[in-house]
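Open the model in your viewer and keep the selection tool at hand. Each stop below tells you what to pick and what you will find there.

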Amino acid sequence: MNFNFINWVEYIGTFAFAISGVRMAAQQRFDWFGAYVVGFITAVGGGTIRDLLLDLPPFWMNTGSYLLCTAAAFLCVIVFKKQIEKVSRTIFIFDTIGLCLFVVVGIEKTLELNLYPFWLAIIMGSITGAAGGILRDVLLNIEPLIFRKEIYASACVIGGIVYWLCSIAGLNTMLTQTLTATCIFAIRFFAVKYKIGLPLMKN
Amino acid sequence: MNFNFINWVEYIGTFAFAISGVRMAAQQRFDWFGAYVVGFITAVGGGTIRDLLLDLPPFWMNTGSYLLCTAAAFLCVIVFKKQIEKVSRTIFIFDTIGLCLFVVVGIEKTLELNLYPFWLAIIMGSITGAAGGILRDVLLNIEPLIFRKEIYASACVIGGIVYWLCSIAGLNTMLTQTLTATCIFAIRFFAVKYKIGLPLMKN
Amino acid sequence: MNFNFINWVEYIGTFAFAISGVRMAAQQRFDWFGAYVVGFITAVGGGTIRDLLLDLPPFWMNTGSYLLCTAAAFLCVIVFKKQIEKVSRTIFIFDTIGLCLFVVVGIEKTLELNLYPFWLAIIMGSITGAAGGILRDVLLNIEPLIFRKEIYASACVIGGIVYWLCSIAGLNTMLTQTLTATCIFAIRFFAVKYKIGLPLMKN
């Protein structure tokens, strides 16, 4: 993957994550500003927690692109309200692509530091992919969805393990990234399609 | 504004923010310690998130003043419970003054670093002013008020834009600060007086 | 206390904190992955917030021990579900021992930096002990328990004050640690035994 391609996919992921935040804020009847903020935090929250834990400057603070992606998502939800319901399948695909790429970015940012063991990179990849949705649910005052429905965060962890196995096997970066992303995409896609979830805890 | 004046206004703002935190904790029947903690987090939470994002040491960690302001607010709520209802208009004025100054402080702390674009300073000013209230509502397990009622966080953003326009126009610091604060104060004051809010999202 | 002894007690504390997180997640019918994550955040959340505020690398990022302690706690809850109810008294003892040691560790990590006043070390000790439980309750979307029931966070603060008085009195480290831990343990133990709580706020 060349640099521009990753950037584009990352913006698409940000856009799709922001759509999910704005739509859920709309369901709770937030005002426009609140919906925008929830969309933004859904999109950049995971990467921000990762960067704080790794003591890096949060990635969105030096470019306005993520604010603009969120603004585009916000406008889409306002303007194309009805149509968006119909393309929710497309949005799900974008969202899942975003998830795949966020995990890969999180893993690579951690490995580049040369400070931490591989299992931490897997955790950081999963935080990048999944923590934004947790923050969204905390702000909306609902129980975090990703802990109860369909496989989501665990797909990130499995993707991280695939990345690790590829590295051990000595595959090149592009192949490793592609295999990781494909694996996460496939797990998430089939989990949603066939409503597969992890076992629930018994009380 | 000279240094001592800003300090005094900042303590008044901290006091007013803490009052709002302690009173809302009382409504949820928290215990004394819990109410104090919620008051403190309401008062310093926004600035703390700002400092973590900017990689600065959190501002309240080197002086006990903010703990003492919160203690004073806590005692006032306990001792003057009945009277406080009657001066709630005065407390609203303090709270709004605190908001104005917190936004100005947040903008200037960011600009001083010479690392970030102006739009980030506006965001940091808004986080300084508004994020403490969000943390308060998350701890109280209610939906963040600022996303649903009256203009609050958006007043911070507009104030930040005023600050930016003043800088472009080359006004001196004191005038810039005064105009920014006046603008935020006016928006918030009239929004509450005439119950003006942003449009709500449609579900 | 020698180094290995502290480490062992710390792992026991982590284990007990994780048990409480996993069990409460089970009560909300989270899935397995969600319960594990909640357990982990309950155990390491307080120390992580402390390290972020002090600008230190989060303590769990360089050793897998805390992940493994949480995994052990998770397996225990799954496998020994019924028996765990019967030993809940033992788990309470572990949990309280963990609390004592977390507070001592938090105080000492802060003092070692030689950057901050003593009252901040007391706050950091209390955050280390109590903030994990707050994060747990936020994720479970319930009101933070420690703000409403029995003495918990306030025991941490009193323990911190004991540590401070011992330092002033010139006691050696081991005696200071022991007295602090004993004091926290005793307050918590008798508060739970006799259902002693702080006064609640009046609305």
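Start in the largest nonpolar core and select A:Val22, B:Val22 and C:Val22. Among its 193 residues, these three touch the most other members. A nonpolar core here is a set of buried Ala, Val, Leu, Ile, Met, Phe, Trp, Tyr and Cys residues joined through C-beta atoms within 7 Å. A residue is buried if 20 or more other C-beta atoms lie within 10 Å of its own, exposed if 12 or fewer, and partly exposed in between, with C-beta atoms placed from the backbone.

Before moving on, note that this is a predicted model: local features need pLDDT of at least 70, side-chain atom pairs count only at pLDDT 80 or more, and totals for chains, interfaces and linings use all residues. Residues are numbered from 1 along each chain as its sequence is written, while chains are lettered from A and ligands numbered from 1 in the order in which they are written.

Zoom in on B:Val22. What is it in contact with, leaving aside neighbours within four places in sequence? The list is B:Ala35, B:Val38, B:Gly39, B:Ala73, B:Phe74 and B:Val77. Contact means that the C-beta atoms of two residues, placed from the backbone, lie within 7 Å.

**Chain A as a whole**

Count eight helices and zero strands. Both kinds of element are DSSP runs, numbered from the N terminus: helices are H or I with at least four residues, strands are E with at least two. Read along the sequence, the pattern is α-α-α-α-α-α-α-α. The radius of gyration of chain A, taken over C-alpha atoms, is 16 Å, close to the 17 Å that the globule rule gives for 203 residues, so chain A is as compact as a globular protein of that length. That rule is 2.2 Å times the number of residues to the power 0.38.

Turn the chain around. Its C-alpha trace spans about 50 × 45 × 30 Å along the principal axes. Buried residues make up 51% of the 203 residues in chain A. Of the contacts in chain A with a separation of 6 or more, 69% join residues 24 or more positions apart.

Select A:Gly45, in helix α2 of chain A. Is it buried or exposed? A:Gly45 is buried, with 24 other C-beta atoms within 10 Å. Beyond its neighbours within four places in sequence, A:Gly45 is in contact with A:Ala131, A:Gly132 and A:Leu135.

Next, pick B:Ala181 in helix α8 (residues 173-193) of chain B. B:Ala181 is buried, with 22 other C-beta atoms within 10 Å. Not counting residues up to four places away in sequence, B:Ala181 touches B:Cys100, B:Leu101 and B:Val104. The C-alpha atoms of B:Ala181 and B:Leu101 are separated by 6.6 Å, though the two are 80 residues apart along the chain.

**Helix α7 of chain C**

Select residues 153-168 of chain C, helix α7. At 1.5 Å a residue, its 16 residues should span 22 Å, and the end C-alpha atoms are 23 Å apart, which agrees. The expected span is 1.5 Å times one less than the number of residues. Colour the buried residues of α7(C), including C:Ala153, C:Cys156, C:Gly160 and C:Tyr163. The buried residues of α7(C) pack against α2 (32-53) of chain B, together with α5 (88-112), α6 (118-139) and α8 (173-193) of chain C. Just after α7(C), find C:Gly170, with a positive phi of about 75°.

**Where the chains meet**

Show the three chains again. Chain A can be laid on chain C with an RMSD of 0.0 Å by a turn of 120° and a shift of 0.0 Å along the axis. The two copies are thus related as by a three-fold rotation axis. Copies are superposed by least squares on the C-alpha atoms of residues with pLDDT of at least 70 in both.

Last stop: chains B and C. The contact takes 21 residues from chain B and 22 residues from chain C. On the side of chain B that touches chain C, α1 (3-27), α2 and α6 (118-139) of chain B each supply at least two residues. The largest share, six residues, comes from α2(B). By class, that side of chain B has 13 nonpolar, five polar and three charged residues. Here Ala, Val, Leu, Ile, Met, Phe, Trp, Tyr, Cys and Pro count as nonpolar, Asp, Glu, Lys and Arg as charged, and the others, Gly among them, as polar.
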